[in-house]
Amino acid sequence: MLDKELLEILACPLCKHPVALQGEKQDTLVCGHPPCGCRYAIKDEIPVMLIDEAQRPCPSCGTQRDWDADHDTLRCAKCGSTFDARPEIARPAGK
Ligand SMILES: [Zn+2]
Ligand SMILES: [Zn+2]
């Protein structure tokens with residue numbers, strides 16, 4: 001079982017939202033931001049907070065999305081939906 005205090009400081013490495021325990025054995029951490037929704041495994045009580053290793057199900061169709069590290073973006077090859085995790089402030093205004 002994961003330490004509560006540890007859980008409180010854990011955040012999704014992609015979108016920085018808090019994560020919540022899920023799964024029958026409470027062995028998965030799920031990002032609380034629905035458009036992101038990345039799922040991180042807990043192995044030997046150590047959360048694997050790596051986007052590369054995460055399950056990245058598309059919120060529209062459930063397909064594992066591709067992770068574009070250069071653009072902090074998840075892309076679904078099936079339905080074409082994207083999730084851009086960059087902070088709003090970093091984006092050019094008016095676009
Ligand atoms: Zn997230
Ligand atoms: Zn999709």
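Analyst: We can begin with the core. Note that this is a predicted model. The largest nonpolar core has 13 residues, and Cys12, Leu14, Cys15, Cys31, Cys36 and Cys38 touch the most other members.

User: Which residues does Cys36 touch, leaving out those up to four places away in sequence?
Analyst: Contacts of this kind tie together parts of the chain that are separated in sequence. Cys36 touches Cys12, Leu14, Cys15 and His17, and also Cys31, Phe83 and Ala85, with residues up to four places away in sequence not counted.

User: What share of the residues of the protein counts as buried?
Analyst: A residue is called buried if 20 or more other C-beta atoms lie within 10 Å of its own. By that cut-off, 19% of the 95 residues of the protein count as buried. As for extent, the C-alpha trace spans about 45 × 30 × 20 Å along its principal axes.

User: How do I read contacts by sequence separation?
Analyst: Take the contacts between residues at least 6 apart in sequence, then ask what fraction joins residues at least 24 apart. In this protein that fraction is 18%.

User: How many helices and strands does the protein have?
Analyst: There are 1 helix and 7 strands. Along the sequence their pattern is α-β-β-β-β-β-β-β.

User: In what order do the strands of the 4-strand sheet stand?
Analyst: The order in a sheet is read from strand to paired strand. Here 4 strands form an open sheet in the order E1-E2-E3-E4, with antiparallel pairing. Its edge strands are E1 and E4, each of which pairs on one side only.

User: How do I go from the sheet order to individual residue pairs?
Analyst: Take each strand pair in turn and look at its bridges. Strand E1 (residues 19-22) and E2 run antiparallel and are joined by 4 bridges; Val19 has Cys31 in E2 as its bridge partner. Cys31 is also one of the core residues that touch the most other members. Strand E2 (residues 28-31) is joined to E3 by 3 bridges, again antiparallel. Within that pair, Thr28 stands opposite Ala41 in E3, and Leu29 stands opposite Tyr40 in E3. Finally, 2 bridges join E3 to E4, which run antiparallel, and Ile42 stands opposite Pro47 in E4.

User: What should I expect of side chains along a strand?
Analyst: In a regular strand the side chains alternate between the two faces of the sheet.

User: How many residues lie between the strands in the hairpin of E1 and E2?
Analyst: A hairpin is read from its two strands and the turn between them. In the hairpin of E1 and E2 there are 5 residues between the strands, and Gly23 takes a positive phi near 100°. The hairpin of E3 and E4 has 2 residues between its strands.

User: What is phi for Asp44, and where does Asp44 lie?
Analyst: A phi value is read together with the residue type and its place in the chain. Asp44 has a positive phi of about 50° although it is not a glycine. Its place is the loop between strand E3 (39-43) and strand E4 (46-47). Glu45 lies in the loop between E3 and E4 as well, and its phi, near 65°, is a positive value in a residue other than glycine.

User: Where does His71 lie?
Analyst: His71 is in the loop between strand E5 (66-68) and strand E6 (73-75). With 12 other C-beta atoms within 10 Å, His71 is exposed. The C-alpha atoms of His71 and Asp84 are separated by 7.5 Å, the two residues being 13 residues apart along the chain.

How values were computed
Residues numbered from 1 in each chain as written. Chains lettered and ligands numbered in written order. Predicted model: local features only at pLDDT ≥ 70, side-chain atom pairs only at ≥ 80, totals over all residues. Contact = placed C-beta atoms within 7 Å. Core = buried A, V, L, I, M, F, W, Y, C linked by C-beta atoms within 7 Å. Pairing = 2+ DSSP bridges.
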